[in-house]
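Open the model in your viewer and keep the sequence panel beside it. The tour begins at a single residue and then moves out to the whole chain.

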Amino acid sequence: MNFCAIYRNNFSYLSNFLIPTITKLDQFELFNFYFYTNDSTDGTEELLVNLSKRYQNVRTFVQQVGNKHFENGWELERIQGLAHARNNLLSLRPFENHEWSVFVDSNIYFHTDVFDKFLQLPKPSDGVAFSCAGVDYRFSCKMHTNCFAYYDMLAVIDSKGRQGFGIAKDPNFLWSCSFPFLDEREQAQYDLGFPVQVESAFGGMCFYKTNIINQPDIYYSANIEKWHAIHNIPIYLEHWDLHDRISKYGKIYAAPIKVYRDELHQLCKAL
């Protein structure tokens with residue numbers, strides 16, 4: 001499997017979680033790792049470069065581009081910067097000829113069995129992208145105790161074309177650890193452990209067919225504009241554009257596999 005990610009000033013996350021986690025994988029040598037980093041000031045670049053020197057299956061692309069740093073938000077300039085960084089990661093293509101390539105955000109924690117869970121997941125044959133359910137320890141799940149809520153509402157476009165914040169505004173919506181479904185049939189399918197088709201989702205970790213992600217017409221941009229149903233402002237996201245292009249090759253699914261935003265992995269160990 002290919003593991004792909006972008007980083008900027010993520011030294012603590014990399015040194016305390018990601019690198020110790022991936023290097024202890026039972027089949028670490030069967031993975032290929034592709035990292036892109038730019039404009040870091042905390043030692044991230046040196047850490048990844050040294051990792052690449054140590055392991056033949058790790059490649060790191062370092063740049064100094066001077067992009068403005070945004071902590072978060074929906075500004076077009078921020079999304080354009082993210083698209084640019086993710087496209088620089090794609091410039092390392094062709095990725096190795098594994099069946100799957102996983103793209104992981106720089107604030108996502110996961111158990112080491114997440115890859116086996118995905119491989120064992122019953123996947124429709126037309127599926128070319130499977131998004132995990134990123135949950136956030138800052139928000140509680142309204143359906144389960146000792147559980148946390150799905151957080152990546154921006155990336156969500158459901159099977160009916162509804163954007164995540166429009167779903168959240170619906171009076172029938174109940175915030176939970178699940179992908180935000182309004183359709184009871186889709187929710188039941190997901191709860192039974194089966195992926196559900198959507199137009200877009202990311203959740204901080206998404207698995208793509210490598211032969212699709214390697215295609216030259218697959219790339220990120222920030223051309224699609226939608227309207228924030230709650231704040232009444234225009235919003236953009238590079239994943240919408242990517243998934244629109246990917247959908248020409250196959251279908252995108254939300255998978256019932258949890259990963260964790262920020263320090264939640266420390267809490268979930270006890271659950």
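**Stop 1: a glutamine and its contacts**

Select Gln-187: apart from neighbours within four places in sequence, it is in contact with Ser-178, Phe-179 and Phe-181 (contact means heavy atoms within 4.5 Å). This is a predicted model, in which local features need pLDDT of at least 70 and side-chain atom pairs count only at pLDDT 80 or more, while totals for chains, interfaces and linings use all residues. Residues are numbered from 1 along each chain as its sequence is written, and side-chain values use heavy atoms, with hydrogens and water left out.

Next, select residues 184–191, which form helix α6, the helix that holds Gln-187. Helices are DSSP runs of H or I with at least four residues, strands are runs of E with at least two, and both are numbered from the N terminus.

Is Gln-187 buried or exposed? Gln-187 has a relative accessible area of 15%, so it is buried; the cut-offs are under 20% for buried, over 50% for exposed and partly exposed in between, with a 1.4 Å probe and protein chains only.

**Stop 2: the whole chain**

Now select the chain and colour by secondary structure: there are 9 helices and 12 strands. Switch to the C-alpha trace, which spans about 50 × 40 × 35 Å along its principal axes.

Colour by burial, and 53% of the 271 residues count as buried. For contacts with a separation of 6 or more, 74% are between residues 24 or more positions apart.
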